Amino acid sequence: MSAILTSPPAARPHESPGLWMLAWRRLRHDRVGMLSLAIVVFFLGLMAASYFGLVASDWSKEKGVSYANPSFLAGQENLEARNMAERRAAVKAPPVDLSDVDPLAPRYKEWAERAAKIAVTEVKRSETLPFGGDKWGRDVLKKAIKGSEVSIFVGLASALLATFIGTVLGAFAGYWGGKVNDLLEWFYNIFTSIPYILLILAFAAVATATGKFGKGIVPIVLILSLTGWTGIYRLIRAEYIKHCNREYVKAAQAIGASNASRMFHHILPNVSHVALVQLSQYTVGFIKAEVILSFLGFGVPVDMVSWGTMLAEAQNELVIGKWWQLAAAGASMAVLVTAFSLLTDSLRDALDPKLK
Amino acid sequence: MSANLLEIQDLDIRFRIDRKSEPFRAVKGISFDVPAHSTVALVGESGSGKSVSAMSILGLLPDNAVVGAQSHILYGGRDLLHAPLAEMQAIRGKDISVIFQEPMTSLNPVYTVGEQIAEVLRMHLAMSPRQAQARAVELLAEVGIPNPQLRVNSFPHEMSGGQQQRVMIAMAIACEPKLLIADEPTTALDVTIQKQILDLIAKLQEKHHMSVLFITHDLGVVGEIADRVVVMQDGEIREQGSAKEIFESPRHPYTKALLACRPRLDRRPRRLPVIDDFLKGDGRAHLEERKRGTSPADPIILEVRNLDKTFFLKEGLFGKRAVPAVRDVSFKLPRGKTLGLVGESGSGKTTVGLTVMRLHEATAGQVLFEGRDLLTLSEREMMAYRRRIQIIFQNPYASLNPRFTVGQILVEPMRIHGIGKDERERIEMAFQLLRRVGLADASFYKYPHEFSGGQRQRIAIARCLTMKPDVLICDESVSALDVSVQAQVLNLLQDLQDEFGLSYIFISHDLAVVKYISDEVMVMNDGAIIEMADSDEIYRNPRQDYTRKLLASIPKGLQRAKELE
């Protein structure tokens, strides 16, 4: 044997493309798919850039006047800004001369001089911002970019976690059947018997009241994934039940492959495309769910911004005709979600061309 | 014979695969006629273009098919390829009807068979519901469904495969069509049922003065019923002529090969001839006979004693119903010999194989492998024996993991059982085995879907060989393959037995194949072994009625070609 070993298969000459390579080739010919992939990648890039502070790091700076007009609507009258400016002006107007009765009057001049040395240079607030400003004069465009960070992260992270939970539980239930399946089915049924929104709100109430799940966006990710695993669980379970009776699994048992190996090494790659498509669908769903939660006030804390909090703020602004915050958050979300959904469709076609 | 009912002229069909590559040419300009009141058999192996040709008659081709402009299919003075859709719909089912291979998937499971037959009648013949129902009962009686008054209200799943195929035939002949296209109508059925269906089609053809276009891969089947035979290969017609000419004096080597490569009951060459023998040589190299049979002195490697396997079906909330699948099966497998296991579907032959390997837990009995009872071993102890008994499944499309490369498939069992001292050696052994089963080295890096059925079965065989087993259970391992490929795989199995002294348990419903490869044959029916003898003996002097019935249903077509060579 060793003599033959001198000429081992040195390099892999031309390994055939696997499932993922073929899927990628098919996806590349799908124009809609590639366009939506580009949009999704663009949003992800934006999110990463904002996370590392490359863009929109100064989103919380109050740069413009209150409800600054978008620059393409520069001429429009801004009543709120004028009111505020008038009020500020009113504060700054010289007070009525009370020096006769004021015992501190002689010191005012000295204080004024000292204050001048410290030199509070009041920033000149701009009248317009690229896409308008919010109540405090923050740049709406930057808010939307910063908001994408929270929204997309929450969407992706909770989708990943939910898919993981659903896949593992589904694999166990489908593979083992019998008692394990019964137990998990009971668990699943209890979960799904509670109205979904109520379940989320109940979790959210507990999470925010006790603070046990940590702060910031971690509780939201947990809430969404702990309530959202049920759909993929059922799908993966059904796939496992189907695949368990396939001959290749029987063949794996015949060569002595262990249960764990059969479950995850043999069957999982055959159902992973189902999980991937679900993951993509979940991401869309959870981005929307985060928006709803933040809108209802169960979402991210006030010192952070997400598309949901922007939409919540926009509620009051719309009454006074300031539509740009709603437009910015709504449009970003709509574009991303649409692109993601189209990408999901294209992925499904690419991974399972027979389905088309 | 009168004028031609259907004339196919220069039929050329291409399939567009994608935008870049050249369309795949499935049918390369074929011409043949279907005379009135006769049966024409279109014979060819998978990929020969026979089904595509037949479907083009009814305009049932997929969207990506392109039919050449010079092609014509003339039926009653009209060109079916250029007929408007409304006209085609009037012809489909009424003048020309089809029977498909899988009756279970061709019948709609949510309607009763009566409703489905009645639908055809009402659509094409404008019968009233009452008339249609009455005619449906008549039709069911005509195709030999017992108690048709009652069965007309059955759902498809309440019927056996053979009965479903009869219902399909009843639907097809409901409007008294002039042409019946039968696309592999018996391939999914047991031999005894196949015989009945063939007889039925022949009888109906006679009675209704129809023509039948019978598509099959098995020349043996058409011998009994066809008037004319058209042999196709790679989208071209190799030979056509009367059945007598084709069977008694075939001219094209491909036809000769098809006739010769199927194992026959009366002969047992050392190796089966394969198509290459005929295309390159004269096909006479394998006339030497092989001796078969067992003797009491043979050392026994595997002994099964009183094996029982009962499945329990859930009934209601708490009820269970026992379904005995294997009853009191005992046999001995001598080392280096082949034990054939024959029976119809549902006879329990596959269950025996799976239970012996402990892929099913037995209800009772013993499986002695070199004297050790495998059924009492713990899972850990069993690991050492797993390697030594291996199984090759029926469907090579299902038994290989589609996400693994052939390399992964071959190396994994060696890794599990610690064969070979390191990964390099295992890979080298995998390459050797690939070569041994006749596959190219490049196969190592490919995925199963890139191979044909026969090649996949070779991969499955190579996977078993990685573990150097002593006993190989072949569960219908060649049943899904084309006859010529079947011959190659049988030859390979035979060579491996000669080389490594393997013992086979060969499970099949095909008596000719079992006869060819086995030293000893067991016949199973209803979970029990009813007859067991040396293979020559059982074919010469069957003692049980059931065995005689099985033997009688083997298609006689090939025996007409007896004097060949």
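Modeller: Let us begin with a helix: the buried residues of H16(B) pack against helix H15 (406-416) and helix H17 (453-465) of chain B. Helices (H or I, at least four residues) and strands (E, at least two) are DSSP runs, numbered from the N terminus. Contact requires C-beta atoms, placed from the backbone, to lie within 7 Å. This is a predicted model, in which local features need pLDDT of at least 70, side-chain atom pairs count only at pLDDT 80 or more, and totals for chains, interfaces and linings use all residues. Residues are numbered from 1 along each chain as its sequence is written, and chains are lettered from A and ligands numbered from 1 in the order in which they are written.

Biologist: Which residues of H16(B) are buried?

Modeller: An α-helix has 3.6 residues a turn, so residues three or four places apart point the same way. In H16(B), the buried residues are Arg426(B), Met429(B), Ala430(B), Phe431(B), Leu433(B) and Leu434(B). A residue is buried if 20 or more other C-beta atoms lie within 10 Å of its own, exposed if 12 or fewer, and partly exposed in between, with C-beta atoms placed from the backbone. After H16(B) comes Gly438(B), with a positive phi near 85°.

Biologist: How far apart are the end C-alpha atoms of helix H16 of chain B?

Modeller: They are 20 Å apart, which agrees with the 20 Å that 14 residues (423-436) should span at 1.5 Å a residue. The expected span is 1.5 Å times one less than the number of residues.

Biologist: Why is strand E8 of chain B described as largely enclosed by the rest of the structure?

Modeller: Five of the five residues of E8 (residues 179-183) of chain B are buried, so the strand is largely enclosed. Leu179(B), Ile181(B) and Asp183(B) point one way from E8(B), and Leu180(B) and Ala182(B) the other way.

Biologist: With which strands does E8(B) pair?

Modeller: Strands of a sheet pair through backbone hydrogen bonds, either parallel or antiparallel. Two strands count as paired if DSSP finds at least two bridges between them. E8(B) pairs in the parallel sense with strand E7 (residues 96-99) of chain B over four bridges, and Val98(B) stands opposite Ile181(B). E8(B) also pairs in the parallel sense with strand E9 (residues 211-216) of chain B, over five bridges; there Ser211(B) is the bridge partner of Leu179(B).

Terms used. Contact = placed C-beta atoms within 7 Å.
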